[in-house]
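Please find below a short note for a colleague who is new to this entry.

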2 protein chains.
Amino acid sequence: SAQAKSDNFSTQQLTDVEQIKQQALTSDLAWDLVESLTTEVGPRMPGTPGDKAGVAWAVAKFNAMGFDKVWTEPATFPKWIRYSESAAVISPSPQKLHITALGNSISTPKEGIQAEVIEFQTLDELESAPESAAKGKIVFINYQMNRDRDGNGYGPAVQARSRGAVVAAQKGAVGYVMRSVSTAHHRFAHTGGSHYKEGVTKIVSSAISNADADQLHRLVALGEPVTININVQAQSMGEGTSYNVIGEFTGSEFPQEHVLIGGHLDSWDLGTGALDDGAGVAITMAAAKLAHSKGKTKRSIRVVLFAAEEFGLWGAKAYVKANEKNLKHIVAAAESDFGADKIWAIESNVDASALPVVRDIAKAMASLNVEHIGKNTARGGPDLIPFRPFNIPAFRLAQDGTDYFNYHHTADDTLDKIDPEKLRQNVATYAVFAYMAANAKTRILGK
Amino acid sequence: SAQAKSDNFSTQQLTDVEQIKQQALTSDLAWDLVESLTTEVGPRMPGTPGDKAGVAWAVAKFNAMGFDKVWTEPATFPKWIRYSESAAVISPSPQKLHITALGNSISTPKEGIQAEVIEFQTLDELESAPESAAKGKIVFINYQMNRDRDGNGYGPAVQARSRGAVVAAQKGAVGYVMRSVSTAHHRFAHTGGSHYKEGVTKIVSSAISNADADQLHRLVALGEPVTININVQAQSMGEGTSYNVIGEFTGSEFPQEHVLIGGHLDSWDLGTGALDDGAGVAITMAAAKLAHSKGKTKRSIRVVLFAAEEFGLWGAKAYVKANEKNLKHIVAAAESDFGADKIWAIESNVDASALPVVRDIAKAMASLNVEHIGKNTARGGPDLIPFRPFNIPAFRLAQDGTDYFNYHHTADDTLDKIDPEKLRQNVATYAVFAYMAANAKTRILGK
Ligand SMILES: [Zn+2]
Ligand SMILES: [Zn+2]
Ligand SMILES: [Zn+2]
Ligand SMILES: [Zn+2]
């Protein structure tokens with residue numbers, strides 16, 4: 001064996017890890033899962049029939065894969081439905097704009113809302129504009145997100161998505177449209193959560209593709225008034241219910257203690273939720289199965305498929321609430337929710353006593369081209385945000401997100417965007433992670 | 001000067017060519033033209049207000065650029081309008097399909113047409129199916145076009161677009177949908193001309209994107225009936241009229257003799273017709289201007305912007321009819337209608353006596369990385385097809401079409417797909433071509 005000795009793992013265990021890794025690198029299991037989910041279920045927006053079908057799919061798959069325990073836990077959320085959306089330049093040169101409503105947007109009147117465009121380059125620029133600067137107009141924020149391996153361009157860009165319609169309304173606007181939070185050069189508009197504010201008039205909240213934003217910018221730059229029409233038909237439907245779906249391989253020695261991995265089962269409605277987050281669902285389900293392939297692990301391996309992430313982490317919040325007393329039994333947690341490109345790094349957030357175990361895990365991932373980021377301040381994916389107050393041992397298995405925002409939250413997030421080879425590398429990494437965290441001589445503790 | 005001596009061109013002329021070439025390689029003229037056309041006019045489907053605006057735009061630009069003669073010539077065509085189009089899988093897993101009506105398609109009933117899908121891999125497979133094989137069903141042809149520098153994958157794939165709905169109807173189908181004639185991995189459906197046949201029931205004729213075709217194929221492969229709904233609202237409107245727009249720099253010695261370059265001014269309605277064929281319009285307008293920048297050429301340089309190409313070369317047919325007696329005065333013809341990627345080759349179709357001139361022209365293009373294809377059987381772009389019976393001296397300035405069918409005839413054919421650097425190389429090549437063909441000591445003759 002190529003493995004060095006370790007204080008935390010037996011020689012047999014290190015041999016098992018190598019075999020599990022090799023098995024993962026030739027396995028089609030994750031591909032089959034994400035193909036099945038995105039084809040046989042399709043889009044899974046919280047509260048829709050697709051969401052319900054996704055829950056049934058997950059329960060059936062966990063059972064078919066031989067997980068020891070399979071169960072669901074309810075989560076409620078504010079339900080919102082998209083019916084239709086369209087937009088067009090009315091003058092000076094009539095042409096369609098590729099638009100999408102942002103989540104939670106109100107409807108326009110049936111004939112749409114038609115007004116002159118006023119352009120701002122950033123949300124800050126809009127915020128510092130005089131009161132009534134946008135009176136009677138449609139505000140267009142033209143901010144282009146940066147491309148970045150770690151997705152660091154996303155946060156700043158999302159401000160205009162989350163709050164843009166509120167600030168625009170405060171400046172007197174009758175509608176709001178932004179350049180998509182997207183790195184693609186294609187005419188797909190990017191959806192995602194947006195919010196209104198008590199006491200501020202609700203106006204339609206929408207995004208156009210990068211190509212359309214370029215076009216609108218050029219038209220505005222011509223210096224003559226540019227009039228557009230935005231037509232969004234959507235509806236808030238009160239409280240909806242969905243379900244976290246959980247599958248567990250029970251441990252042999254410390255069954256309460258468990259590794260927690262997973263993704264979110266819901267998706268936006270425009271695409272089929274392949275990269276976001278069918279991939280994470282498939283990677284972690286397959287990894288758990290492979291990690292369990294050498295027989296029972298010492299601790300349990302739990303896969304949590306969170307509900308209603310896209311509407312605001314509602315499944316994760318419900319999980320934390322329902323399982324609050326058991327969060328201390330989590331020995332390692334990681335969520336896969338950043339597409340399906342290769343994992344390039346592992347980063348931990350654990351008690352110092354656990355760092356030798358982390359180093360052993362990282363060593364076993366080295367042949368997968370996973371680097372060890374030593375700084376021990378990892379965050380663990382969006383659905384682990386509600387877990388943070390509980391100081392669980394969190395990990396980031398960092399995927400390369402350079403191309404993620406070409407597809408994320410658009411109609412173009414479909415199965416063909418997943419590379420089966422890269423998917424296998426993800427499964428191998430998660431399988432190593434789950435097996436080793438579940439079998440380490442001493443359990444990993446949070447900070 | 002780097003130029004060798006030539007029997008066909010003076011030293012001064014060869015110096016001029018070099019200067020024109022350098023000027024073209026730093027000129028923004030073509031970019032400004034295609035930006036203006038695609039922004040200020042936008043989509044230009046024959047018979048639409050955009051088409052009319054395009055004609056006005058071209059007349060104004062030719063005049064502003066100082067062409068000596070600017071005129072229009074009418075062309076009629078069977079007008080067709082697209083109102084709306086949508087499709088969805090109804091069962092087993094409800095989800096949207098990204099679809100477009102093919103040109104000339106009839107409408108479905110208002111609620112769409114809903115039926116089970118029957119899949120064929122090729123048009124041949126459908127043709128050899130038994131009578132009534134598709135009775136009551138929607139035929140889906142799943143043929144994937146090949147990617148190829150010269151676009152050789154297009155012709156075979158277009159068969160299913162042109163005739164698919166007829167053959168499907170002959171087998172009893174109630175609707176027709178095909179995999180797009182496209183090389184893209186994005187959810188853009190590709191439109192284009194299609195035809196019905198006297199005596200065969202007209203059924204809706206449509207195409208879905210590659211990603212959607214993959215999905216539909218996977219659903220059909222599950223083995224259970226797959227039901228989809230196609231909703232197309234479109235209308236044939238009788239005869240429409242548009243105009244070829246022609247600009248000419250008149251020659252000093254043989255004004256009747258002329259180089260004919262150009263593109264087509266119309267486009268499909270889904271995108272803004274940037275690659276198809278705003279680029280060709282801009283390249284040839286700019287090249288003529290640059291070729292004329294050293295003063296009058298011996299022969300005239302004529303830029304023809306053809307009307308209604310997309311509906312069946314109607315402008316080109318009208319041009320040939322109206323100018324039949326003058327076609328013998330064409331000393332060289334080339335159409336730019338294959339996007340905006342670099343020109344990699346020049347190929348001729350001329351009388352043997354003209355081959356030395358062609359070699360000199362090719363030599364002047366060598367520094368632009370344009371190869372000379374010696375075989376002398378060039379065809380000159382779609383709008384030159386109606387010229388073929390007249391044996392004009394035709395040229396192919398062959399663009400690299402590897403990526404062309406990622407965008408062609410889709411909503412994604414927008415300005416951002418044009419690389420300004422590559423556009424300049426096209427302008428330089430066409431400028432060299434126009435200048436030299438217009439100034440050669442003896443005129444180039446056709447075969
Ligand atoms: Zn996600
Ligand atoms: Zn998301
Ligand atoms: Zn064309
Ligand atoms: Zn075309």
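1. Over which ring does the charged end of Lys317(B) sit? In this predicted model, the charged end of Lys317(B) is placed over the ring of Trp314(B), 3.9 Å from the ring centre. A further contact of this kind involves Arg149(B), which lies over the face of Trp344(B) at 3.2 Å from the ring centre.

2. Over all chains, the structure holds 28 aromatic pairs. One of them joins Phe306(B) and Tyr319(B) in an edge-to-face arrangement, with 6.0 Å centre to centre and 80° between the planes. Phe306(B) belongs to strand S10 (residues 299-306) of chain B and Tyr319(B) to helix H8 (residues 314-322) of chain B, so the pair ties together parts that are 13 residues apart in sequence. Phe306(B) counts as buried, at 1% relative accessibility; Tyr319(B) is buried as well, with a relative accessible area of 1%.

3. In chain A, ring pairs link Phe77(A), Trp80(A), Trp268(A) and Phe311(A) into a cluster.

4. The zinc ion (ligand 4) is coordinated by Asp276(B) through OD, by Glu310(B) through two OE entries and by His409(B) through NE2, at 2.0 to 2.4 Å. The four donor atoms subtend angles of 57 to 143°, and the arrangement is therefore irregular. The donor residues follow the sequence spacing D-x33-E-x98-H. Asp276(B) lies in helix H7 (residues 274-291) of chain B and Glu310(B) in the loop between S10 and H8 of chain B, 34 residues apart. Both Asp276(B) and Glu310(B) are buried.

5. Asp276(B) coordinates both the zinc ion (ligand 4) and the zinc ion (ligand 3), and these two ions are 3.3 Å apart.

Terms used:
Residues are numbered from 1 along each chain as its sequence is written. Chains are lettered from A and ligands numbered from 1 in the order in which they are written. This is a predicted model: local features need pLDDT of at least 70, side-chain atom pairs count only at pLDDT 80 or more; totals for chains, interfaces and linings use all residues. Side-chain values use heavy atoms; hydrogens and water are left out. Rings of Phe, Tyr and Trp (its six-membered ring) pair if their centres lie within 6.5 Å; planes under 30 degrees apart count as stacked, over 60 as edge-to-face and the rest as tilted. Helices (H or I, at least four residues) and strands (E, at least two) are DSSP runs, numbered from the N terminus. Buried means under 20% relative accessible area, exposed over 50%, partly exposed in between (1.4 Å probe, protein chains only). A charge sits over a ring if NZ of Lys or CZ of Arg is within 6 Å of the ring centre and within 35 degrees of the ring normal. Donors are N, O and S atoms within 2.8 Å of the metal (3.2 Å for Na, K and Ca); water is not among the atoms, so sites may look incomplete. Four donors count as tetrahedral if all angles lie between 85 and 135 degrees; four count as square planar and six as octahedral if opposite donors are over 155 degrees apart and all others between 65 and 115; anything else is irregular.
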